[in-house]
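Please read the following briefing alongside the sequence and the coordinates. It is meant for a reader who wants the criteria stated together with the values.

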Amino acid sequence: MRDQNICLDEQLLLFMDQLEALEEKRHKLNSLIEGGWFSIAKARYSMGNKQVSSLQYASEMEPLVHVEDSLMESGTVEFKCNRAENKTDELTQNNSIEDIGAKEGGLRRRINTKQKEDKEEGASEQQETDHQGKTKTESTTPENRDPLKWFGILVPQNLKQAQSAFREVITLSAEIASIQSAILASRKEMQAQMKEKQEKSGKTKPEIIKD
Amino acid sequence: MPGRGKLIAVIGDEDTCTGFLLGGIGELNKNRKPNFLVVEKDTSITEIEETFKSFLARNDIGIILINQFIAEMIRHAIDGHMESIPAVLEIPSKEHPYDASKDSILRRAKGMFCAEDFR
């Protein structure tokens, strides 16, 4: 019984610590978001009212941030934020190599058409052209992926500040989501322990009420 | 999508959505469905609720960020969501500062310490 009480106390302390961590992160998130809005407002002031609005969103969007969720043994879910900045570098490198390959393919195709005009060759050509098309589309995407470019090429510094603020907010929100999940798991665990304790003590009222 | 991780969805006012999209969370999938909803004055509660439920049903979304004043409009739907994925996060908006007493997670946590739990 005493062990159970100690266990319950420890769980409660952990729960309080988690709530404190959540409070702290929340406070940070709120101030970062406020800063972000302020920067957006400043950018809107210098660019014009309708230049920073939902009308400027691109018709094609690709996410630059992903969250990886991993279920822990304790039943909590941990969210980890992954930014695709390194991946874009890799993509640009890959594309530069692929572009060279595509050019060679173009030359080869011209020779082939002169030498042979088989149907099989035609099919392979189609595949090659498809491949070229893909590399072209891929090569254009990483450059246009930065959402800042939706709002123009020479955007004010404030919009860049807003972007960096919201990037931090995104990372922070993944951390908050992990803490929230841990809080809910702790709550579940505490309720289970409390129930167990009450069952053991039978119909007698718990000590807290007696006091 | 499985190897790349999940997305973050946003339901919020124009500035909140613009900010988060600047941060790089925006996606339009093959069916041209976005992972965000810009809530304007004329956006109906039904539309918000349907979008929220569609985000819950999508398995490529890990976190849903929602302005707290919008969350208040569809509180029953948010309270009804008990799964840990996708996680729902209430964030402040420009006109409405964050109020911890309204947050569904903190209200659940607070429920631990009500008198009924000790009986």
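Predicted model: local features only at pLDDT ≥ 70, side-chain atom pairs only at ≥ 80, totals over all residues.

Residues are numbered from 1 along each chain as its sequence is written, chains are lettered from A and ligands numbered from 1 in the order in which they are written, and side-chain values use heavy atoms, with hydrogens and water left out.

**Interface of chain A and chain B**

- Chain A brings 58 residues and chain B brings 49 residues to the contact, where contact means heavy atoms within 4.5 Å.
- The two chains bury about 4600 Å² between them, with 68% of it on carbon and sulfur atoms; buried area is the accessible area (1.4 Å probe) that two parts lose on being put together, summed over both.
- Across the interface there are 15 residue pairs in polar contact, both residues being at pLDDT 80 or more; a polar contact is a pair of N or O atoms within 3.5 Å, where within protein one must be able to donate a hydrogen and the other to accept it, and residues adjacent in sequence count only if both atoms are side-chain atoms.
- On the side of chain A that touches chain B, two or more residues come from each of helix 1 (2–47), strand 1 (65–71), strand 2 (77–83), helix 4 (157–201) and helix 5 (207–210) of chain A; helices (H or I, at least four residues) and strands (E, at least two) are DSSP runs, numbered from the N terminus.
- Helix 4 of chain A gives the most to that side, with 20 residues.
- By class, that side of chain A has 38 nonpolar, eleven polar and nine charged residues, where Ala, Val, Leu, Ile, Met, Phe, Trp, Tyr, Cys and Pro count as nonpolar, Asp, Glu, Lys and Arg as charged, and the others, Gly among them, as polar.

**Salt bridges**

- Over all chains the structure holds twelve salt bridges, and the count between chain A and chain B is four; the criterion is a side-chain nitrogen of Lys or Arg within 4 Å of a carboxyl oxygen of Asp or Glu.
- A:Asp69 and B:Lys6 form a salt bridge at 3.4 Å, N to O.
- In the salt bridge of B:Asp103 with A:Arg26 the closest N and O atoms are 3.1 Å apart, and the pair runs from the loop between strand 4 and helix 5 of chain B to helix 1 of chain A.

**Cavities**

- The whole structure has two cavities of 30 Å³ or more, a cavity being a set of points, on a 1 Å grid over the protein atoms alone, where a 1.4 Å probe fits but cannot get out, with lining residues having an atom within 4 Å of a point.
- The largest cavity holds about 130 Å³ of space, and grid points are joined across faces, edges and corners, the volume being the space filled by probe spheres set on the points.
- Its lining has 15 residues, of which A:Leu184, B:Glu83, B:Ala87, B:Val88 and B:Ile105 lie nearest the centre, and helix 4 of chain A gives the most, with four residues.
- The second largest cavity, of about 30 Å³, is lined by residues including A:Arg145, A:Trp150, B:Leu21 and B:Gly24.

**Chain B**

- Chain B has five helices and four strands, in the sequence pattern β-α-β-α-β-α-α-β-α.
- A cis peptide bond, with omega about -5°, joins B:Ile85 and B:Pro86, and B:Pro86 lies in the loop between helix 4 (75–80) and strand 4 of chain B.

Key
1 Å grid on protein atoms, 1.4 Å probe; cavity = no way out; pocket = protein on both sides within 12 Å on 5 of 7 lines; lining within 4 Å.
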